[in-house]
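Dear colleague,

Please find below the structure that I am handing over to you. My notes on it follow directly after.

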Amino acid sequence: MILSISGVVLLGIIVFLFFRKDGLKASHAIVVTLFGFYLASTAIAPSIKAGGESLAGLLGGIKF
């Protein structure tokens with residue numbers, strides 16, 4: 001749950017930065033958001049979630 005919330009916040013910040021700095025149009029952001037909602041209801045959603053969790057675990061295990 002915490003990973004989901006932090007992931008949403010991180011992606012929201014990235015979209016906001018793209019919107020402000022790189023010229024992302026509001027219509028593009030809406031389309032991407034709707035695509036995410038529709039993608040979440042498909043059969044591939046568990047695989048995407050597992051891949052995200054695996055990537056987070058990999059990045060969390062890096063020691064500097």
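A residue is called buried under 20% relative accessible area, exposed over 50%, and partly exposed in between (1.4 Å probe, protein chains only). Leu55, at 47% relative accessibility, therefore counts as partly exposed. This is a predicted model in which local features need pLDDT of at least 70 and side-chain atom pairs count only at pLDDT 80 or more, while totals for chains, interfaces and linings use all residues. Residues are numbered from 1 along each chain as its sequence is written, and side-chain values use heavy atoms, with hydrogens and water left out.

Overall fold. The chain has 3 helices and 0 strands, where helices (H or I, at least four residues) and strands (E, at least two) are DSSP runs numbered from the N terminus. The radius of gyration is 14 Å, well over the 11 Å that the globule rule gives for 64 residues, so the chain is more spread out than a compact globule. That radius is taken over C-alpha atoms, and the rule is 2.2 Å times the number of residues to the power 0.38. Of the 64 residues, 3% count as buried.

Annotated region. An unreviewed UniProt entry places "transmembrane region" at residues 5–20 and 26–45; such annotations may be inferred rather than shown by experiment, and positions follow the numbering used here, with feature names shortened. Residues 26–45 are 80% helix and 0% strand, and their end C-alpha atoms lie 25 Å apart.

Helix H3. Leu55 lies in helix H3, which covers residues 45–60.

With kind regards
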